[in-house]
Amino acid sequence: MLDSVEANNFEALPLLSLNHVSLLCRSVWDSVRFYEDVFGFVSIKRPSSFKFNGAWLYNYGIGIHLIENPSIDDFDTIVEPRPINPKDNHISFQCTDVGLVMRRLQDMGMKVDQVFFHDPDGYMVELCNCENIPIIPLSSCSFKQRLSSFYKSAPAKCGFMENAMMESLSMEMLNISF
């Protein structure tokens with residue numbers, strides 16, 4: 001395992017975005033209906049070479065891969081969902097109107113606590129409207145340079161993405177009104 005100083009000596013991987021989330025489920029059919037009806041995901045073709053029951057869904061630039069495991073209760077998934085806890089594992093979706101979403105979910109008979117609720121298999125889901133929160137990297141180039149001199153290693157280089165993020169952030173912060 002790399003320690004944090006050693007890991008900082010490597011350039012970031014050339015990743016583009018999160019591709020999909022994979023979830024074990026008791027019933028593929030129940031989970032497909034949930035993600036289609038509640039979130040508007042659509043079922044898409046999955047490789048025919050898979051020899052297990054599952055489904056792939058897609059929308060909003062992200063996939064959800066469902067893998068059926070009827071004996072899921074034998075592992076550590078919950079028969080009855082745990083209480084909502086924002087500090088627990090969860091999936092979060094950006095939305096435009098949290099109040100409207102909460103009312104619609106409650107109209108569907110779902111128990112909603114703040115903007116958290118559970119899917120049919122007890123996975124916690126969050127809906128948020130976080131578009132006005134600026135994304136501020138904790139490790140800016142100047143900070144990395146100070147750290148690298150502290151650890152007596154080669155000076156940190158600002159990558160293209162770091163420069164682009166900082167420039168974008170600076171422009172966004174000019175548009176933020178308090």
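Visitor: In this predicted model, which residues touch the most other members of the largest nonpolar core?
Guide: The largest nonpolar core of this predicted model has 23 residues. Those that touch the most other members are Y35 and F39.

Visitor: Which element gives the largest share of this core?
Guide: The elements that give two or more residues to the core include the strands β1 (20-25), β3 (54-59) and β4 (62-68). The helix α2 (28-39) is also one of these elements. The largest share, five residues, comes from α2.

Visitor: Is H65 buried or exposed?
Guide: H65 lies in strand β4. Its relative accessible area is 13%. Buried means under 20%, so H65 counts as buried.

Visitor: With which side chain does the side chain of H65 make a polar contact?
Guide: Leaving aside neighbours within four places in sequence, H65 is in contact with H20, V21, S22, L23, A55 and W56. One of these contacts also involves a polar pair of side chains, at 3.4 Å. The partner in that polar contact is H20.

Visitor: How much accessible area do V42, I44 and Y58 have together?
Guide: I44 has its place in strand β2 (residues 42-44) and is partly exposed, with a relative accessible area of 38%. V42, I44 and Y58 form a nonpolar patch on the surface. Together, their accessible area is about 260 Å².

Notes: Residues numbered from 1 in each chain as written. Predicted model: local features only at pLDDT ≥ 70, side-chain atom pairs only at ≥ 80, totals over all residues. Heavy atoms only, no water. Core = buried A, V, L, I, M, F, W, Y, C linked by side-chain atoms within 4.5 Å. Buried < 20%, exposed > 50% of the residue type's maximum accessible area, 1.4 Å probe, protein only. Helix = DSSP H or I, 4+ residues; strand = E, 2+ residues; numbered from the N terminus. Patch = residues over 30% accessible without salt bridge, like charges linked within 9 Å, V, L, I, M, F, W, Y side chains within 5 Å. Areas by Shrake-Rupley, 256 points an atom, 1.4 Å probe, with all protein chains shown as cover. Salt bridge = Lys/Arg side-chain N within 4 Å of Asp/Glu carboxyl O. Polar contact = N/O pair within 3.5 Å; in protein donor to acceptor, adjacent residues only side chain to side chain. Contact = heavy atoms within 4.5 Å.
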